[in-house]
Amino acid sequence: MRLPAHRDRFPILADCVSLINHSLAAMPATAEERLADYARAWKTRGIRAWAEGWWDLPQTVGDQVGRIIGAPPGSVVMHQNVTVAEAVVLSCFDLQPPRNRIVYEEGNFPTVRYLYQAARGAEVVVVPEGEPLQDAIDERTLLVPCQHVLFKTSEIQDVEAVVRRAHEVGALVVLDCYQSAGSVPVDVRELDVDFAVGGSVKWLCGGPGAGWLYVRPELVERLEPTLVGWQAHARPFAFEGELEYAPGVARFLTGTPNVPALYAATAGYDVIEEVGVERTREHSIRLTELLTELFTEAGFDVTSPSDSARRGGTVTVRTPAFEGVHAELAERGIVCDFRPETGLRLGPHFYNSEDEIRYAADQIAEIVTTGAFERHLGSAARF
Ligand SMILES: Cc1ncc(COP(=O)(O)O)c(C=O)c1O
């Protein structure tokens, strides 16, 4: 089966060329049905819906994410977003010298950087671009919150080397898989990371509000998060006054879950499981290789890695006046985005075709050659 055969399951693809899967992937039509299921349960089952599945959603949905990232059942829980998931991780530790260092790459996603910068007692070490993260990890390092695929340049990181060094000195790795899960194969057990986090708006096609947290099973019962709530209690419906942590990964939960978001997200995960991340990756490599080739032929500066083995799902390219090119592309129904340092970002998914790639590359070259970008200069884009 050719992968673009799945296109008709994503209504928006009939209206535009969507190459923005590193930011917001297309919605599967089934997400709308799942949201209707949620509304029906609320309307007809009312309070009984909690016992009929709603209360357990952070773990049942977490298990589905687990299947996609190689995590065993009972090791993933759902949160609203990556920020909250990492805040729960951070809350497990005392930031006391001599082990209070947080080491991460300069290109880390800002929300993660902000979280650790704001942590009282943390000594943050930022590793400059191009330098190996593992070289900055030592006995003073508590946590290494790093990305699997860098969000700006789509470069795949040498996670094995980071984990090896971290474990050698007793530090723990929190791997942000937002830019890999669903596009680049992730196996958290094989990578031997201590925690992994991600969300669902991008390659997982699951929409906003469905972040996830994996905790290495061997660590679960040794940790006691201080960002905690009644879903993390051993007996939440006993309404006891004193905290007793739930056994297992439930202890990493907080309060009432985001039920509608979790309903919607499973529609995306279902398609990802059906298509398979390995097949998606093969298709993605074909399309991103083609894009790289076409941009290079056109004389543009490709800022994502040229080696497919090191490139995630996105190609980044610096054209002249790329902000204006981006605005003109949007008017022509080609949806992508840009980042100030790296230029345009184009991230095809399993439902994109080679024809769309050629069309987008042609249009970009034409916009640059004819100066069609000029009328957009000075107007700012937010996403
Ligand atoms: C690598 C990475 N981490 C985190 C985020 C976002 O974090 P949050 O889910 O807290 O909004 C993004 C993008 O939105 C990202 O690309």
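Q: Leaving aside neighbours within four places in sequence, which residues is leucine 19 in contact with?
A: Contact means heavy atoms within 4.5 Å. By that rule, and with those neighbours set aside, leucine 19 meets Ile334, Val335, Cys336, Arg345, Leu346, Gly347, Pro348, Asn352, Ile357 and Ala360. This is a predicted model, in which local features need pLDDT of at least 70 and side-chain atom pairs count only at pLDDT 80 or more, while totals for chains, interfaces and linings use all residues. Residues are numbered from 1 along each chain as its sequence is written, and side-chain values use heavy atoms, with hydrogens and water left out.

Q: How far apart are leucine 19 and leucine 346 in sequence and in space?
A: They are separated by 327 residues in sequence, but the C-alpha to C-alpha distance is 5.2 Å.

Q: Where is leucine 19 found, and is it buried or exposed?
A: Helices (H or I, at least four residues) and strands (E, at least two) are DSSP runs, numbered from the N terminus. Leucine 19 belongs to the loop between β1 (17-18) and α1. Buried means under 20% relative accessible area, exposed over 50%, and partly exposed in between (1.4 Å probe, protein chains only). Leucine 19 has a relative accessible area of 0%, so it is buried.

Q: What does histidine 349 touch, not counting residues up to four places away in sequence?
A: The residues touched are Asn21, Gly182, Trp203, Cys205, Ile272, Thr280, His283 and Leu287. Histidine 349 sits in the loop between β13 (343-346) and α12 (354-370). With a relative accessible area of 1%, histidine 349 is therefore buried.

Q: Which backbone oxygen lies 2.7 Å from a polar atom of the histidine 349 side chain?
A: A polar contact is a pair of N or O atoms within 3.5 Å; within protein, one must be able to donate a hydrogen and the other to accept it, and residues adjacent in sequence count only if both atoms are side-chain atoms. Here the oxygen is that of tryptophan 203, at 2.7 Å from the histidine side chain.

Q: Is serine 183 buried or exposed, and what is it in contact with beyond its neighbours within four places?
A: Its relative accessibility is 1%, so serine 183 counts as buried. Trp203, Val277, Thr280, Arg281 and Gly313 are its contacts beyond those neighbours. Serine 183 lies in the loop between β6 (172-176) and α7 (188-191).

Q: Which residues are around the ligand?
A: A residue is near a molecule or strand if one of its heavy atoms lies within 4 Å of it. Around the ligand are Asn81, Val82, Thr83, Phe109, Thr111, Gln147, Phe151, Asp176, Tyr178, Gln179 and Lys202. A polar side-chain atom of threonine 83 is 2.4 Å from a ligand oxygen atom. For aspartate 176, a polar side-chain atom is 2.6 Å from a ligand nitrogen atom. Glutamine 179 places a polar side-chain atom 3.1 Å from an oxygen atom of the ligand. On its own the ligand has 390 Å² of accessible area, and the protein covers 84% of that. Accessible areas come from the Shrake-Rupley method with a 1.4 Å probe; for residues, only the protein chains shown count as cover.

Q: How many salt bridges are there?
A: Side chains of opposite charge can pair when their charged atoms come close. A salt bridge is a side-chain nitrogen of Lys or Arg within 4 Å of a carboxyl oxygen of Asp or Glu. By this rule the model has 25 salt bridges.

Q: Which residue forms a salt bridge with arginine 34?
A: The partner is aspartate 270, with the closest N and O atoms 2.9 Å apart. Arginine 34 is in helix α1 (residues 29-45) and aspartate 270 in helix α9, so the pair ties together parts 236 residues apart in sequence. Arginine 34 counts as partly exposed at 23% relative accessibility, and so does aspartate 270 at 30%.

Q: Which residue forms a salt bridge with glutamate 331?
A: Arginine 375 does, with the closest N and O atoms 2.6 Å apart. Glutamate 331 lies in helix α11 (residues 322-331) and arginine 375 in the segment after α12, so parts 44 residues apart in sequence are tied together. Glutamate 331 is exposed at 52% relative accessible area, and arginine 375 is exposed at 57%. Salt bridges with shared partners join Glu328, Glu331, Arg332, Glu366 and Arg375 into one network.
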